[in-house]
Amino acid sequence: RVCVGQSALNVYLRAPRVQFSSPSIQRYICKHRGTTIAAMAPKVDEMADKDYEELVLKLHEIEAVKFGEFKLKSGLISPVYIDLRVIVSYPEIMLRVSEAMWAKLAGTTFDVMCGVPYTALPIATCMSLNHGTPMLMRRKEVKDYGTKKAIEGAFEKGQTCLIVEDLVTSGASVMETVQPLEDVGLKVTDVVVLIDREQGGESRLASDNLKLHSAFTLSYILDTLVKHSLVTEEVAGKVKAFIAANQTHGASSKAPAEDKKKSQRMSYEDRAPLAKNPMGRQLFELMAKKKTNLSVAADVGSAEEMLQLADKVGPYIAVLKTHVDVFDSWTEEHAKELNQLAEKHNFLIFEDRKFADIGNTVVMQYGGGIYKIADWSHITNAHLVPGPGIIDGLKKVGEPKGRGLLLLAEMSSKGTLAKGAYTESVVKAAEENQDFVMGFISVSPSSWSCGPGPTGLIHMTPGVQLAAGGDDLGQQYNTPASVIGERGSDIIIVGRGIYKAADPAKAAKEYRDEGWRAYEDSVNA
């Protein structure tokens, strides 16, 4: 096992003398024989404050840390951009980076290490080569042929694995690597990172008993650059303000009870300006104005029945959820009449399509075919199983039309596989695409280990009835008070409790009142 703090072993000195056939390589080896890679950077035991300071200046010099205005995936305009991929082109800096991180592991014990794909892989490789620690690799995409392994390399169950990452913001990417390592029997207790952006990642990891070791915090980098007149106090202040205003929710699920009591629910009105997607913002405003957080699932047998139901429940709902692919017929006239009803009663249309194919295919499914969903549905949804490319594909069609996308983070059916690491990946994808992603289909966001995501994203929860229970097909039901007040959702989705009622309008009003009461109670708690 490796216990950092002992004298580092120089693998180069122990390596056998390999014979190279190329004369140019032979001349290079002869020229540099006796000069080890460790000579390029301070030894671990010799790392001092000035070494860290000099490394910050080097990172700024090669533009690994930039200042200005940068549009992030989420649509936010950030005053700072960190791109550590560039360090692979600077061997000396790469070595200094790896040694700076290694030095922060004093007293930490582990058997193997694994870099988070992809930027951290060369850093982990450098650490492994220079200190003789075995390295593993996680596949981001597991092949459906060969060994089909998620973790590559030699290891034994029960060994402890150190995770190496370049940058930590929310900690979500680290957790994506933790899970497959634990799945093969490895223990993970420590994470080492070059830069901690100080946006909640450390507390998020601590909530899962993972200790974060960082070479730098973003604050240290800013202070160092200000000290050397490379960044003004004004710019540093803007960056710090941006970081403070854009904290992730990493530790919320495991926060102490007293902290949870202090966390009061924000009103729909206050959350509306925080929504980056126009449709999400419109939905928050609609709910506040109409005083309803009810969505009716119109899971009826024909388009005509759906239109009749929409007219009856329209005055009481914020969203009508449809499944038009179960109808025998669907025409442009049906779509036109549905939109007229939505305008008449002021509700949004959500086609519950659950897209789950590759980007190119969903472009055709969303914009074309016999349903032409993007032409009439304000909102649609998708699984993230194919990867984030599905968001890009749907966005290509929906964003120009001002549409919004919900990602399925959880499902209300018994035995669902949409949970744990999958849910965390969905939250991360949503955070990075808030210009088009407006929220989630979720069941219990308040219990998510990664937190419920940014405040500007909406949570809609299906499987709601006035009495808790389930059906013979595995659907699990929760009450409005539980879904809104305890589980932290925003909108209740009700199907059979309304469309099978003797008086759907009366039932819708009852659910509307229950849902809104639960919301007001949670805001005023």
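Is K354 buried, exposed or partly exposed? At 25% relative accessibility, K354 counts as partly exposed. Here buried means under 20% relative accessible area, exposed over 50%, and partly exposed in between (1.4 Å probe, protein chains only).

The views below come from a predicted model, in which local features need pLDDT of at least 70, side-chain atom pairs count only at pLDDT 80 or more, and totals for chains, interfaces and linings use all residues. Residues are numbered from 1 along each chain as its sequence is written, and side-chain values use heavy atoms, with hydrogens and water left out.

**View 1. D352 and K354 form a salt bridge.** The closest N and O atoms of this pair are 2.8 Å apart. A salt bridge is a side-chain nitrogen of Lys or Arg within 4 Å of a carboxyl oxygen of Asp or Glu. D352 is buried, with a relative accessible area of 7%, whereas K354 is partly exposed. Elsewhere, salt bridges that share partners join R204, D208 and E424 into one network. The structure holds 19 salt bridges. Side chains of opposite charge can pair when their charged atoms come close.

**View 2. D223 and K240 are joined by a salt bridge.** Their closest N and O atoms lie 3.1 Å apart. The pair links distant parts of the chain, 17 residues apart. D223 sits in helix α8 (residues 218-227), and K240 in helix α9 (residues 233-245). Helices (H or I, at least four residues) and strands (E, at least two) are DSSP runs, numbered from the N terminus. D223 counts as partly exposed, at 43% relative accessibility. K240 is partly exposed too, at 38%.

**View 3. F347 lies in the loop between α14 (332-345) and β13 (348-355).** F347 counts as buried because its relative accessibility is 2%. Contact means heavy atoms within 4.5 Å. Leaving aside neighbours within four places in sequence, F347 is in contact with several residues, among them L286, K290, A310, L341 and H378. I317 is also one of its contacts. The C-alpha atoms of F347 and I317 are separated by 6.4 Å, though the two residues are 30 apart along the chain.

**View 4. D490 occupies the loop between α19 (480-486) and β20 (491-494).** D490 has 1% relative accessibility, so it counts as buried. Its side chain makes a polar contact with the side chain of R265 (2.9 Å). A polar contact is a pair of N or O atoms within 3.5 Å; within protein, one must be able to donate a hydrogen and the other to accept it, and residues adjacent in sequence count only if both atoms are side-chain atoms. Not counting residues up to four places away in sequence, D490 touches residues including Y268, R271, N293 and H459.

**View 5. L283 and L320 touch the most other members of the largest nonpolar core.** This core has 83 residues. Its largest share, 7 residues, comes from helix α21 (residues 504-524). A nonpolar core is a set of buried Ala, Val, Leu, Ile, Met, Phe, Trp, Tyr and Cys residues joined through side-chain atoms within 4.5 Å. Not counting residues up to four places away in sequence, L283 touches A318, V319, L348, I379, M438, I458 and I491. A second, separate core of 44 residues includes L55, I82, M113 and V239.
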